Amino acid sequence: MDMVSEVMVERILPVDEPGPGQWRSWLRRLAWSMHDEFLAVPGYATRTSRPHRHNAESFGRLRAGVVRAFTASGVPPELAEQSWYIFGTSLVSWLAAQEQALDLGDGEPRFELFLDVLLRGLPAREPIDGD
């Protein structure tokens, strides 16, 4: 699994750095690459979604890139870390659900809608009292 993860991260991680003006598009490209690559390997998203130790080097590179993207959005490092966790777990969980071929109702789940809503809600911000 570690070897597969190393190749997977190499394939999905954009080569450019996320910048202040394009952090959201960078994350969108990353997410679509994850969508395509994870679903091309049967069971990979499901396995990745389960709690386990990930390959520290490969997933560390993925985490660092996503944290840099959220930091480029202007949030402090601690909220960038929280945003990484929300982004990563949400994305992998959605992909794992797609692998399971669950009956989720009449409409086929649309990745572009899921991703749009996810990215509009991120980066994480401190809660406002009373909301």
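**A loop, a helix pair and a core**

Author: Let's start with Pro42, which is exposed, with a relative accessible area of 75%. Keep in mind that this is a predicted model. Pro42 sits in the loop that links H2 and H3. Its C-alpha atom is 23 Å from that of Gly105, a residue 63 places away along the chain.

Now to the helix pair. The axes of helix H4 (residues 56-72) and helix H5 (residues 77-99) come within 8 Å of each other and cross at roughly 120°. The crossing is right-handed. On the H4 side, the contact is made by Leu62, Arg63, Val66, Val67, Phe70 and Thr71, while H5 brings Ala80, Glu81, Ser83, Trp84 and Phe87. Sorted by class, this contact has seven nonpolar, two polar and two charged residues.

Setting aside neighbours within four places in sequence, Val66 is in contact with Trp26, Leu27, Leu30, Trp84 and Phe87.

That leads us to the largest nonpolar core, which has 36 residues. Those with the most contacts inside this core are Leu27, Leu30, Phe38, Leu62, Val66, Phe70 and Phe87. Two or more residues come from each of helix H1 (2-12), helix H2 (23-40), helix H3 (44-49), H4, H5 and helix H6 (111-121). H5 gives the most, with nine residues. In soluble globular proteins, nonpolar side chains tend to be buried together.

Terms used
Residues are numbered from 1 along each chain as its sequence is written. This is a predicted model: local features need pLDDT of at least 70, side-chain atom pairs count only at pLDDT 80 or more; totals for chains, interfaces and linings use all residues. Side-chain values use heavy atoms; hydrogens and water are left out. Axes are lines fitted to C-alpha atoms, for helices over the stretch in contact, and angles run from 0 to 180 degrees between N-to-C directions. Helices (H or I, at least four residues) and strands (E, at least two) are DSSP runs, numbered from the N terminus. A crossing is left-handed if the near helix is turned anticlockwise from the far one by less than a right angle, and right-handed if clockwise. Contact means heavy atoms within 4.5 Å. Ala, Val, Leu, Ile, Met, Phe, Trp, Tyr, Cys and Pro count as nonpolar, Asp, Glu, Lys and Arg as charged, and the others, Gly among them, as polar. A nonpolar core is a set of buried Ala, Val, Leu, Ile, Met, Phe, Trp, Tyr and Cys residues joined through side-chain atoms within 4.5 Å. Buried means under 20% relative accessible area, exposed over 50%, partly exposed in between (1.4 Å probe, protein chains only).
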